[in-house]
Amino acid sequence: MTALNEENLPRLEGTVAVPSYDRSRLRAGIVHVGVGGFHRAHQAMYLDRLMNEGEALDWAICGVGVLPGDARMRDALRAQDGLYTLVLKHPDGTFEPRVIGSIIEYLLAPDDPEAVIEKMAAPEVRIISLTVTEGGYNIHHVTGEFDAANPAVVADLADGAVPATSFGLITEALRRRRDRGVAPVTVMSCDNIQGNGDVARQVFTAFARLKDPELAAWITEHVPFPNSMVDRITPVTSEQDRAMVAERFGIEDAWPVVAEPFTQWVLEDRFASSRPSYEDTGVQIVDDVEPYELMKLRLLNASHQALCYLGRLSGYRYAHEVAQDEVFARFLLDYMDREATTTLQPVPGIDLDDYKRTLIERFANPHVRDTLARLCAESSDRIPKWLLPVVRHNLATDGEIVRAATVVAGWARYDEGVDEQGEPIEIVDRLAERLHAAALAQREDPLAFLRDREVFGDLIEDERFTTTYREALESLHRDGAHRTVERLLTA
Ligand SMILES: NC(=O)c1ccc[n+]([C@@H]2O[C@H](COP(=O)([O-])OP(=O)(O)OC[C@H]3O[C@@H](n4cnc5c(N)ncnc54)[C@H](O)[C@@H]3O)[C@@H](O)[C@H]2O)c1
Ligand SMILES: O=P(O)(O)OC[C@@H](O)[C@@H](O)[C@H](O)[C@H](O)CO
């Protein structure tokens with residue numbers, strides 16, 4: 001067994017792919033906030049690929065954790081000199097390992113916020129990128145505006161506050177860059193949010209406006225926030241994954257990443273100065289990312305929502321189990337074909353039928369073992385962003401809504417907190433308490449769940465939607481999820 005660190009890399013050569021570049025020559029050009037599984041399977045992997053080609057050596061990553069819980073990642077990465085194993089799990093059972101070397105440093109903001117700010121303000125850093133989850137953008141669900149009442153934000157806005165949120169840290173770094181005349185930087189969101197760059201611009205300038213209006217104006221003028229579509233299914237690393245990396249590859253890795261082989265990144269070319277030559281390693285650089293984003297969020301992410309609640313209620317625990325169930329697979333394709341696709345724009349270079357078929361195959365990969373628990377988490381940040389826009393579009397255009405309404409009813413049934421086998425369900429959601437209370441009330445008041453306007457807006461006022469939703473909920477209560485879905489299948 002070989003402990004993963006810089007010194008031991010030569011011992012791993014021949015067993016697994018390791019960085020072919022001299023890591024001592026790397027310089028951090030990117031500060032990335034939110035080093036979780038996805039960043040390590042995606043952006044860090046693309047950079048590692050470039051580095052293996054002898055490119056991007058001045059674009060290494062300094063990882064930043066903003067939450068105290070990121071101490072685990074700090075400890076894992078620091079002990080391993082930033083190295084970790086990425087294992088791609090192919091559908092045929094082949095596992096493809098690679099040690100990724102593009103992260104060279106990790107800073108935890110609660111340990112030393114000043115060090116994080118100075119790193120972000122350093123002239124050699126030209127990109128600050130983010131994967132901080134949808135909730136990390138602090139958008140108020142009802143107003144769609146930056147939520148300035150969030151206590152962490154209030155604390156960061158106070159005079160003389162030591163920044164603790166990504167808003168406080170990044171805007172302070174931008175202020176220092178402006179004051180010092182340091183070359184402007186690009187803020188690049190890689191989260192699953194429609195218009196992720198636009199949303200990032202909205203929230204960072206909103207925070208800056210509250211702190212220092214002139215800084216906000218400077219940011220608007222000088223800091224680009226490119227939009228992007230990012231894709232690679234990356235489940236939470238399990239104990240079994242850690243053991244697998246040790247047993248199969250002889251690597252003692254505190255926190256490997258496992259992912260599907262598929263990967264995609266479509267990115268707008270709006271950068272302050274230079275950027276890595278991402279296009280040399282398969283990233284699609286486009287003028288307008290919106291058609292790709294809509295395709296991905298409404299087909300892939302919304303289908304994840306379509307399979308997770310109804311699948312969990314039926315007794316499944318993993319995404320592949322649901323996607324391998326013929327009834328669910330057909331339901332997902334019907335949802336995509338008859339409800340989601342009609343809401344999309346033409347997507348240059350993509351055959352949508354092929355994309356949808358491939359999605360079912362990706363979901364069905366049995367080795368990825370993506371848990372329904374991961375997909376069911378933070379639903380109040382997902383359903384309103386990915387599924388409800390499809391519903392609203394179809395309500396406005398007289399399109400079909402029955403499948404999406406069934407998914408929403410499935411979420412409402414899921415939030416009752418017990419599945420059809422009587423097993424408890426743990427609701428992981430910022431709004432868990434009140435969603436659970438509303439779900440419990442729906443046996444008497446079938447529309448109780450929809451009454452939450454923060455989540456559903458005025459959807460409750462649409463009779464076509466409420467009638468369809470009510471029937472779906474009734475059917476879920478009476479016949480269960482599997483039977484409900486089966487009845488909806490087109491011939
Ligand atoms: N996992 C995937 O399959 C996948 C694929 C495409 C895109 N993404 C995007 O990446 C995001 C992260 O996914 P992951 O799998 O890496 O999750 P993860 O749980 O492994 O990592 C999430 C990271 O975000 C940080 N974070 C959360 N809330 C924050 C906040 N308020 N402020 C600052 N940091 C915060 C956490 O500290 C952690 O470092 C997703 O929410 C999604 O937007 C994920
Ligand atoms: O990561 P989230 O929480 O935004 O969404 C859950 C999944 O749908 C998502 O992670 C997908 O696996 C991913 O978007 C695939 O690229």
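Where does ligand 2 lie relative to domain 1 (2–286) and domain 2 (290–488)? Both domains give residues to the shell around ligand 2, so ligand 2 lies between them. The domain bounds come from an automatic or database domain assignment.

## The model

This is a predicted model: local features need pLDDT of at least 70, side-chain atom pairs count only at pLDDT 80 or more, and totals for chains, interfaces and linings use all residues. Residues are numbered from 1 along each chain as its sequence is written, chains are lettered from A and ligands numbered from 1 in the order in which they are written, and side-chain values use heavy atoms, without hydrogens and water.

## Around ligand 2

The shell holds 13 residues (near means a heavy atom within 4 Å). E134, D231, K296, H304 and R382 come nearest. By type, the shell has 4 nonpolar, 3 polar and 6 charged residues.

Some side chains place a polar atom beside an oxygen atom of ligand 2. For E134 the distance is 2.4 Å. For H304 it is 2.7 Å. For R374 it is 2.7 Å. Helices α11 (290–313), α15 (372–376) and α16 (379–396) each give two or more residues to the shell (helices are DSSP runs of H or I, at least four residues). The largest share, 4 residues, comes from α11.

## A buried serine

S379 lies in helix α16. S379 is buried, with a relative accessible area of 2% (buried means under 20%, with a 1.4 Å probe and protein chains only). Beyond its neighbours within four places in sequence, S379 is in contact with Q305, Y309, P384, W411, V428 and D429 (contact means heavy atoms within 4.5 Å).

Key: A polar contact is a pair of N or O atoms within 3.5 Å; within protein, one must be able to donate a hydrogen and the other to accept it, and residues adjacent in sequence count only if both atoms are side-chain atoms. Ala, Val, Leu, Ile, Met, Phe, Trp, Tyr, Cys and Pro count as nonpolar, Asp, Glu, Lys and Arg as charged, and the others, Gly among them, as polar. Buried means under 20% relative accessible area, exposed over 50%, partly exposed in between (1.4 Å probe, protein chains only).
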